[in-house]
Amino acid sequence: MKIWQAVGCAVVSLIALIGLIVGVAFWATGGITETADEFFAAANDGDSAKAYSLTSTQLQGQVDQEGLEAFLIDNSLDQITETSWSSRSIKNDRGELTGTVMTRSGGAIPITMDLVSEDDEWRVVFIDVDNTGLQSSGSGVTDQAEPQPAPMTVPSEEDQWDLIWAVSTAFYHSLDDPDFSGFHSRWADGVTVEQLEENFASFRQHRSDLQRLPVGDPEFKPATSLNGAGNLVLNGTYNLPKVKFNFTYEFAGEGDGPRELVFMDVSVD
């Protein structure tokens, strides 16, 4: 009897511990769901200004308020009345949500969202809509969407090294130019030369310290998978004679075709 009581107490304690862990996990990720829900509520109310204010500085550097509004309308995301998040995760200052959003007409849209913490507030940085999963409730008919591009394949370690070298070299040479028009060709549509100038002009003062960047050997851990947005993220460091050049490059693409930059974060130590 005493043995059974001990086991019973242990089981109860284990159940309580599991409940505590689950509770803590949901509490820790609650901020990202609140921002996402607030974002869609604003879009549903036609308040594109508020929805835009809930996006990150990175996203705002790539698209203006009108562009965001057009994206939401084109994907029926301005009609969301309910959200259901099946997966949520946070790592450092990045968060990811995966789930389904419901439209006013009852349609269900599978969606993935990336968020980033800025000034202790979560902001939307990327939205991936799975149009192939768009369904209309009631009629039992699945909407016919345009064929989706093949997802990007993860390149080999050698090809990842080549991507890093190509971007780093192009970035260094762009520091000699009056603007970043040459470097601009490596970016996906929607990024302007003016935005590159605004974000990276300050690095011209480090040009002499970075002169060995094109012949340097980056230290990085090869990516083995894509992120939640289906993009390739490569980050690492160049240990140059005078400075340390830290980089994060995010690429979008289709299949094994060309990869274009959609995000870049660099710093000099």
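**Notebook: salt bridges**

I began with Asp176, which counts as partly exposed at 45% relative accessibility (buried is under 20% relative accessible area, exposed over 50%, partly exposed in between, with a 1.4 Å probe and protein chains only). A note to myself on the source: this is a predicted model, where local features need pLDDT of at least 70 and side-chain atom pairs count only at pLDDT 80 or more, while totals for chains, interfaces and linings use all residues. Residues are numbered from 1 along each chain as its sequence is written, and side-chain values use heavy atoms, with hydrogens and water left out.

Next I looked up the partner of Asp176. Arg207 forms a salt bridge with Asp176, with the closest N and O atoms 2.4 Å apart (a side-chain nitrogen of Lys or Arg within 4 Å of a carboxyl oxygen of Asp or Glu). The pair links distant parts of the chain, 31 residues apart: Arg207 sits in the loop between helix H8 (193–200) and strand S5 (219–220), and Asp176 in the loop between helix H6 (157–174) and helix H7 (181–184). I took helices (H or I, at least four residues) and strands (E, at least two) as DSSP runs, numbered from the N terminus. Arg207 is partly exposed too, at 26%.

How many salt bridges does the whole structure hold? My search found 3.

Another is Lys50 with Glu38, at 3.6 Å between the closest N and O atoms. Lys50 lies in helix H3 (residues 48–53) and Glu38 in helix H2 (residues 30–44), so this pair ties together parts 12 residues apart in sequence. Lys50 is partly exposed at 36%, and Glu38 is partly exposed at 35%.

I also noted Arg204 and Glu197, whose side chains meet in a salt bridge at 2.9 Å, N to O. Arg204 is partly exposed at 25%, and Glu197 is partly exposed at 25%.
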